[in-house]
Every structure is written in C-alpha cells, then in structure tokens.
Amino acid sequence: MLFPVSLSDTTCWDTAVDFPKACEMALTGDAIDAAEVLACGLVSRVVPNAELLPQARALAARIAVNPPHVVRMTKRLLREGRTTTLPALLEISAAMQALAHATDDRREAVAAMLEKRQPCFVGT
C-alpha cells in the first residue's frame, strides 16, 4: 500500500539508493525484504533476529571505544559529505581536525600509543 512520503523520506532514499530505486520505493509502497534492503545499501548487514541485539551491541562497543568528540565529528562529516561540495567538506574537515587536536583525548591517544597500551577516552 502506498502512503504519502515526507520530503525528508524522499531525500533520504534518494541519497541512500540510486534514483530509480528511490522512485520505485516511494511510488509503489512495495514491501522489500532484508536481502533487497542490503542490496540497496540501506543497511550495512543483515543478521538473524536472534543475533540482532548482540551484534548491534558489539558494533556499538567497537564505536564507543573511540574518542566521543571524534565520533560525533566523523558522523557529521559523513552526513555533510553526502550533500556538500568537496571544497566545503575539506574546509569543515580541517576545522574539525584542529578541534580534535586540541582535546585531552588526542593527548591520551598519543600517550597510549607511545606506552603501547589501550587508550582511555573521556570525551574532553
């Protein structure tokens, strides 16, 4: 069944999948299975239901060991990169890199590397 889609839905689909597939999804309202969602690039992996929460938590844990500020900046750059020009993205990236270099977490990363230990990031 077809339901009206919002502008944000169509924008998201058009950037996540190619335009013809976005049109098909938006105009037909057809249900799509997990294999097709994966093939379209709307998800990075498909797992059995029983493994969903453990795998999601494992992925979250892998992300959470990184410096929180850098994770937020990286997410922002990834989002901006979908719609921003390369020169603008490089400028934003340079500014964020300068901010990241001024954090305690950067100093902790360097110290941990030199001391050959795991870093302990606190988000400052």
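Reader: What share of the accessible surface of the chain belongs to carbon and sulfur atoms?

Author: The model is a predicted one. The accessible surface of its chain comes to about 9200 Å². Of that surface, the share belonging to carbon and sulfur atoms is 64%.

Reader: Which elements make up the secondary structure of the chain, and in what order do they run?

Author: There are seven helices and zero strands in the chain. Read from the N terminus, the order is therefore α-α-α-α-α-α-α.

Reader: How are α5 and α6 oriented, roughly parallel or roughly antiparallel?

Author: Helix α5 covers residues 68–81 and helix α6 residues 86–101, and their axes lie 11 Å apart. The packing angle is about 180°. Angles over 145 degrees count as roughly antiparallel, so α5 relative to α6 is roughly antiparallel.

Reader: How many residues of the contact of α5 with α6 are nonpolar?

Author: On the α5 side the contact includes Val70, Met73 and Leu77, and on the α6 side Leu89, Ile92 and Met96 are among the residues involved. Two residues of the contact are polar and two are charged, while the number of nonpolar ones is eight.

Reader: Is Arg45 buried, partly exposed or exposed?

Author: Arg45 sits in the loop between α3 (34–40) and α4 (49–64). Its relative accessibility is 41%. Buried means under 20% and exposed over 50%, so Arg45 counts as partly exposed.

Reader: Which residues is Arg45 in contact with, leaving aside its neighbours within four places in sequence?

Author: Ala35 is 10 residues from Arg45 in sequence, with 9.3 Å between their C-alpha atoms. With the sequence neighbours within four places left aside, the contacts of Arg45 are Leu38, Gln55, Leu59 and Arg62.

Note on methods. Residues numbered from 1 in each chain as written. Predicted model: local features only at pLDDT ≥ 70, side-chain atom pairs only at ≥ 80, totals over all residues. Heavy atoms only, no water. Helix = DSSP H or I, 4+ residues; strand = E, 2+ residues; numbered from the N terminus. Buried < 20%, exposed > 50% of the residue type's maximum accessible area, 1.4 Å probe, protein only. Contact = heavy atoms within 4.5 Å. Axes fitted to C-alpha atoms, helices over the stretch in contact; angles between N-to-C directions. Parallel < 35°, antiparallel > 145°, perpendicular 65-115°, else oblique. Nonpolar A, V, L, I, M, F, W, Y, C, P; charged D, E, K, R; others polar. Areas by Shrake-Rupley, 256 points an atom, 1.4 Å probe, with all protein chains shown as cover.
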